[in-house]
Amino acid sequence: ALFGDLASYAGKLLRFTTAGEMPLDNPIRFSPVLSLGHRGRLDFDWEPPNNALWYVETDPGGISIGRPSPGRSAERTLYLEGIQAADVAFHTGSTPTAWRNSLFLASPDQECLYRVTGLSSSPPNPVVERLLANRFGRIAAVLSAEDGLYFATGNGGTDDRGQPTDAVFRISEKVLRFDSPVRRQR
């Protein structure tokens, strides 16, 4: 199976230095493989404030959220049935303050953002909150920044002039703002 074969990068989390080299302390000597055995679409981010690496693996029935087991097959830490994710980000910005250190999942098919808390507790006790449901269409991307949490839509529509209608939005302390995407000058 490719997912366990070290000669294939299928189903693996890889770790490199900023120079593109394999770190000397990688769990599998002379290999960029950090963990293996992942079978679904894989996203990851580092949880603040301790910089712990978490992955989110999507399969048709839901998502697995876990911490990689260095050099070993992926261990399913948590499974959230019925949730799908196209992009993930821990919120590290200063606003909204109540959302700091939460994991956000962009879910285009379910037309919402999911906020997951409780991952830091031992054992993890996830609490899932569905946000912005069916208000903006397909939410395809999420990004944390100092000045707020950003998300982008991926509806593929155009307005009556043929311009794309998808947009980038910013959520700050108590306000949802539309941040106009950069358009090419004609």
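**Charged pairs, rings and surface**

Author: The side chains of Arg-170 and Asp-147 form a salt bridge, with 4.0 Å from N to O; the term means a side-chain nitrogen of Lys or Arg within 4 Å of a carboxyl oxygen of Asp or Glu. This pair links distant parts of the chain, since Arg-170 sits in strand β13 (residues 168–171) and Asp-147 in the loop between β11 and β12 (148–153), 23 residues apart. Please keep in mind that this is a predicted model, in which local features need pLDDT of at least 70 and side-chain atom pairs count only at pLDDT 80 or more, while totals for chains, interfaces and linings use all residues. Residues are numbered from 1 along each chain as its sequence is written, and side-chain values use heavy atoms, with hydrogens and water left out.

Reader: Is Arg-170 buried or exposed? And what about Asp-147?

Author: Arg-170 is buried, with a relative accessible area of 15%, whereas Asp-147 counts as partly exposed at 34%. Buried here means under 20% relative accessible area and exposed over 50%, with partly exposed in between (1.4 Å probe, protein chains only).

Reader: How many salt bridges does the structure hold?

Author: There are four. One of them joins Arg-15 and Asp-25 at 3.0 Å, N to O. Both residues lie in the loop between β1 and β2 (33–36), so the pair ties together parts that are ten residues apart in sequence. Arg-15 is partly exposed at 29% relative accessibility, and Asp-25 is exposed at 55%.

Reader: Which residue does Arg-138 meet?

Author: Its partner is Asp-109, at 2.9 Å from N to O. Arg-138 is in the loop between β10 (127–131) and β11 (139–145), and Asp-109 in the loop between β8 (103–107) and β9 (112–117), which puts the two 29 residues apart. Asp-109 is exposed, with a relative accessible area of 60%, while Arg-138 is partly exposed at 32%.

Reader: You keep naming strands, so how many does the chain have?

Author: The protein chain has 14 strands and zero helices; these are DSSP runs numbered from the N terminus, with helices (H or I) of at least four residues and strands (E) of at least two. As for burial, 43% of the 186 residues in the chain are buried.

Reader: Changing topic, how many aromatic pairs turn up?

Author: A search of the whole structure finds five, where rings of Phe, Tyr and Trp (its six-membered ring) pair if their centres lie within 6.5 Å, and planes under 30 degrees apart count as stacked, over 60 as edge-to-face and the rest as tilted. Among them is the tilted pair of Trp-99 and Phe-104, at 5.2 Å centre to centre and 50° between the planes. Trp-99 is buried at 16% relative accessible area, and Phe-104 is buried at 0%. Phe-136 and Phe-169 have ring centres 4.6 Å apart and planes at 55°, so this pair is tilted.

Reader: Where do Phe-136 and Phe-169 lie?

Author: Phe-136 is in the loop between β10 and β11 and Phe-169 in strand β13, so the pair ties together parts that are 33 residues apart in sequence.
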